[in-house]
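Thanks for coming. Please have a look at it first.

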Amino acid sequence: MLTIDAKGIYYRDLNQKVREAVSKGEKEILLKNVNGQYYIATGLRNEATITIEGVPGNDLAAFMDGPTLIVKDNAQDNIGNTMNSGKVIIHGNAGDVLGYGMRGGKLHIRGNVGYRVGIHMKGYKKQIPVIIAGGKAGDFFGEYMAGGMLILLGLDSSDKRPLVGDYLGTGMHGGTIFIRGGVDKKFCGAEVSVHELTDDDRTLLEGYLTEYCNDFKLNLLDVIKVEFKKIIPTSLRPYGNLYAY
Amino acid sequence: MFKSLSLPEFLAKIDPVKCIKCKRCINNCGWSVYSWGGDKVLIDTFKCVNCLRCYHYCPEEAITILDNPVKYRKNANWGYYNIRNLKKQADTGGIPLTGMGSDMPYPVLFDSLLIDACQVTNPSIDPLREPMELRTYLGKKPAKLEFEKAKGGKSKLKTKMPPQIKLEMPFIFAPMSYGSISLNAQKTLAIAAKELGIVMNTGEGGLHEDIYPYRSNIIVQVASGRFGVNPDYLNAGVAVEIKIGQGAKPGIGGHLPGEKIPLDIAKTRMIPVGTDAISPAPQHDIYSIEDLRQLIYAIKEATNYTKPVSVKIAAVHNVAAIASGIVRAGADIVYIDGFRGGTGAAPSVIRDHLGIPIEHALAAVDERLRQEGIRNEASIIAAGGIRSSADAAKAIALGADAVALGTSALITMGCTVCGKCYTGNCSWGITTQRPELTVRLDPEVYAERLINLIHAWSHELKEILGALGVNAIESLRGSRERLRGVGLDSHTLDILGVKPAGR
């Protein structure tokens, strides 16, 4: 285990240290006193587990391909931007535009998430990116989604705001969104419809949630005792009729 | 009932005396204009786009394609395209799509600029017998160079040079994605770029494994759809480009129609087969210059600061201030695409009415960066309507480091600028994914033609430089004193920084 004290270190130098350590084969890294440094694990490859104490800055795990990041605190915007594989576990809340264009891997957030989460996620055959947020989400959740899976849990019942903002799944043309407790159609974009889960959906969902609950020491049964709803696009070509050829 | 209230634009005709009924026209037409009627070829002329594939492949020269002599009544106000688009909209209620650059008769300023030449008082240079340098480098240049003494008393460069793209001549191939054009068309560009010592640009469609071997001649693009972007991809070329906008469709996103998304494209882009590939209008992580800086440096982090980062924008009204912001955000290259630039698919209302020409934009950006003392911080690529080496020379004199060629390159592959790229039916195998059409474009054969074009333009550039009495393309860059305007008003001359002819 390598420990790096990030206190007062410029992001470029900090990330250089992390890259060097991982390229030398370091498998366990602890970053202490992180305070808003950008780009931690951006473009990082190989198998390594990096635990982050403090709040990491924007573009955490952007283009990341393989490593596991554990953030003990909150995190900021653009986490998992175009991430290819690996996993990010955030014990607090996270910001806007998480998992933009995400191609694979997992983003597990215990708390709330901001706007435009899961925008334009991709997916191809077995390469399915997954974002699970334990709290509530802002507007444009799953906008332009082309693949992958977005799961919103709303576990904190003391938070009285709506579970998800407006324009849920607007422009969506692939992938699946699961919402615990369901969602009123008025929150949805024009391109999606709300469905009951099939048995296959339940099996799939429980698989993902088992891992999520393990990460945060939650009881799976508490999570799945509330019925989920599935949101999928009504058409592969939501804008197919918009144009004259 | 009528077949359509639109007029066919062209009349395809077959001379029945010359026709030997070989059916090659039927096989060659990607638009299904021709079909076999049992004893003769039938023609559905409504479908003809005048791409001339049938004409070139008819062994008997039996085919002619004419402008339809049946016209709407002549009207100086209501032109053919106004009426045609209106009828199309009445038919469908949709937005008429179009391909290639705008064909509207806006003035082309390149055609009102003339280049200087030496007479008597300074000697011209004979480029055939004297060295002439077309090589240039794209990337951030240091504000000053420092040297130190090495062992043995020799001087050595102390300044660490930022990463550069080496170009043997000041041309690059414009971004055209795998999806908008065929894999064979991309291979053609890659083969030619490698042979010529220049670069092609992947556009926003990811990188097919067949293109990876050309990594020293590739710029990879990251745009709002993030198609095909992974760490391998970011490191696959000599530079990474962030696409903000495109001259043909400033301010709107990309939309690759589902007709052009078969399995292979779906795999590269990681989206469902047959869906429309949507690139959102903005990149939703970029709402400001500060956000752009964040993505520029995310890419620099992901490539360990080994590659220049280019930012491509459409030429719009406030382009000079925007370009200044882009340079200050850390871009190494600013790519400016004028409004006449090409596209695989754009609404015609956007293509024909938004943005500004490259000549104005380029002059304004170069001037602004010089005024602010940051011109060395980034190279400028000019694009959007470069039709000849003369256009290239004028663009370089207006301040470009290099020019990008899209349509010009496609024309060497058989393109006739018919403007129907968005249909996916290109009979020449360029802007289609239909396997029976793409197989027609043999990359080796057509790369040869593209290499010929660039060699010819390079010779022409050398002739121009020789006439100007300079021996390096970098001596022409930003040298507006060597341009004169003909018939341009004083405002335009002022923006271009060019004197009127005779002064």
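Let me begin with overall size. Chain B has 503 residues, and a compact globule of that length would have a radius of gyration near 23 Å; chain B has 24 Å, so the two agree. That radius is taken over C-alpha atoms, and the globule rule is 2.2 Å times the number of residues to the power 0.38. Along the principal axes, the C-alpha atoms of chain B fill a box of roughly 85 × 55 × 45 Å.

A word on where this comes from. This is a predicted model, in which local features need pLDDT of at least 70 and side-chain atom pairs count only at pLDDT 80 or more, while totals for chains, interfaces and linings use all residues. Residues are numbered from 1 along each chain as its sequence is written, and chains are lettered from A and ligands numbered from 1 in the order in which they are written.

On confidence, pLDDT is the predictor's own figure for each residue, from 0 to 100. Chain B averages 95, and 100% of its residues score at least 70. For the model, ipTM is 0.93 and pTM is 0.95.

Now the domains, whose bounds come from an automatic or database domain assignment. Chain B splits into domain 1, residues 10-94, and domain 2, residues 162-500. Their C-alpha centres are 33 Å apart. Each domain of chain B gives 10 residues to the contact between them, where contact means that C-beta atoms, placed from the backbone, lie within 7 Å.

Next, secondary structure. Chain B has 16 helices and 23 strands; these are DSSP runs numbered from the N terminus, helices being H or I of at least four residues and strands E of at least two. Eight strands of chain B form an open sheet with parallel pairing, in the order 11-21-20-18-17-14-13-12. Strand 11 (171-173) and strand 12 (200-201) of chain B are the edges, each pairing on one side only. Pairing here requires at least two DSSP bridges between two strands. Within the sheet, strand 20 (379-383) and strand 21 (402-405) of chain B run parallel and are joined by two bridges, with B:I381 standing opposite B:A402.

How is burial counted? A residue is buried if 20 or more other C-beta atoms lie within 10 Å of its own, exposed if 12 or fewer, and partly exposed in between, with C-beta atoms placed from the backbone. Buried residues make up 52% of chain B. B:E460 has 16 other C-beta atoms within 10 Å, so B:E460 is partly exposed.

Last, the partner chain. How many residues of chain B are in contact with chain A? There are 33, and they meet 39 residues of chain A. Helix 7 of chain B supplies the largest share of its side, five residues. Strand 5 (95-98) of chain B is among the elements giving at least two residues. Strand 5 of chain B also pairs in the parallel sense with strand 12 (243-244) of chain A, over two bridges. There, B:P96 is the bridge partner of A:A244.

Conventions. Contact = placed C-beta atoms within 7 Å.
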